[in-house]
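Visitor: Please show me the model, and let us then go through its features by question and answer.

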Amino acid sequence: MVSSAYIEHLADLVRDGEVEERLVDEAVMRILNLKNDLGLFENPFKYIDESGEQEVILCKEHREAARRMAEASFVLLKNDRVLPLKTSEKILVVGNGAINPRIQGGGCAKLKTNFTLIPFKEMEKYATCDYADYSDAGKLLASSHYDKVVIFMVLPEDCDSEAFDRTHISFPQE
């Protein structure tokens with residue numbers, strides 16, 4: 001866990017009687033039993049096999065299945081005739097997420113992928129695209145004609161990470 005809540009507070013909570021010690025013991029025992037059942041005390045690297053990773057996890061069939069699942073999971077909140085893109089259109093793509101996508105959150109939720117598609121490069125295959133970061137978008141819009149503007153809004157890691165629960169959906173001003 002990324003959070004330091006347990007390190008900083010659990011011992012005091014147990015000492016003060018707010019959390020029963022047996023609950024902590026039970027939670028720890030579940031983890032230890034699982035590790036024992038998996039044989040990880042005898043061989044902590046038992047399930048690490050680089051050849052298996054390439055042959056099974058990263059095989060073409062599994063990558064294609066992962067792509068189909070990802071495509072099926074997208075949610076488009078609103079489409080005012082923006083999609084699908086047309087090859088005849090000139091599109092302004094705004095936001096760092098289009099050229100530097102963040103996969104998942106930060107901390108333990110961060111992923112290092114073997115295959116990452118860059119949205120801007122993928123869009124260039126279907127239409128004429130220009131890229132601008134947030135601060136330059138207005139200048140480009142004023143100086144050129146664009147048929148469409150597609151904005152990629154990505155939260156910074158310190159706003160979208162394990163142990164950083166958010167109580168709102170607004171974006172930081174910076």
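Visitor: How many aromatic pairs does the structure hold?

Guide: This is a predicted model, in which local features need pLDDT of at least 70 and side-chain atom pairs count only at pLDDT 80 or more, while totals for chains, interfaces and linings use all residues. Residues are numbered from 1 along each chain as its sequence is written, and side-chain values use heavy atoms, with hydrogens and water left out. Rings of Phe, Tyr and Trp (its six-membered ring) pair if their centres lie within 6.5 Å; planes under 30 degrees apart count as stacked, over 60 as edge-to-face and the rest as tilted. The number of aromatic pairs in the structure is 1.

Visitor: Which geometry do the rings of Phe-120 and Tyr-131 have?

Guide: The ring centres of Phe-120 and Tyr-131 are 6.0 Å apart. Because their planes stand at 70 degrees, the pair is edge-to-face.

Visitor: Where in the chain do Phe-120 and Tyr-131 lie?

Guide: Helices (H or I, at least four residues) and strands (E, at least two) are DSSP runs, numbered from the N terminus. The pair links distant parts of the chain, 11 residues apart. Phe-120 is in helix H5, and Tyr-131 is in strand S2 (residues 128–132).

Visitor: Is Phe-120 buried or exposed?

Guide: Buried means under 20% relative accessible area, exposed over 50%, and partly exposed in between (1.4 Å probe, protein chains only). Tyr-131, at 26%, is partly exposed. Phe-120 has a relative accessibility of 11%, so Phe-120 counts as buried.

Visitor: Which side chain makes a polar contact with the side chain of Lys-148?

Guide: Lys-148 belongs to strand S3 (residues 148–151) and is buried because its relative accessibility is 9%. A polar contact is a pair of N or O atoms within 3.5 Å; within protein, one must be able to donate a hydrogen and the other to accept it, and residues adjacent in sequence count only if both atoms are side-chain atoms. At 2.9 Å, the partner of the Lys-148 side chain is that of Glu-89.

Visitor: With which residues is Glu-89 in contact, leaving aside its neighbours within four places in sequence?

Guide: Glu-89 is located in the loop between H4 and strand S1 (90–94), and its relative accessible area of 10% makes it buried. Contact means heavy atoms within 4.5 Å. Apart from neighbours within four places in sequence, Glu-89 is in contact with Pro-84, Ala-127, Thr-128, Asp-147 and Lys-148.

Visitor: How much space lies in the largest pocket?

Guide: On a 1 Å grid over the protein atoms alone, a pocket is an open set of points where a 1.4 Å probe fits, with protein on both sides within 12 Å along at least five of seven lines; lining residues have an atom within 4 Å of a point. Grid points are joined across faces, edges and corners, and a volume is the space filled by probe spheres set on the points. The space in the largest pocket is about 2,400 Å³.

Visitor: Which residues that line the largest pocket are the closest to its centre?

Guide: The lining has 45 residues. Its largest share, 7 residues, comes from H4. Closest to the centre are Ala-70, Phe-74, Ile-103, Leu-117 and Pro-119.
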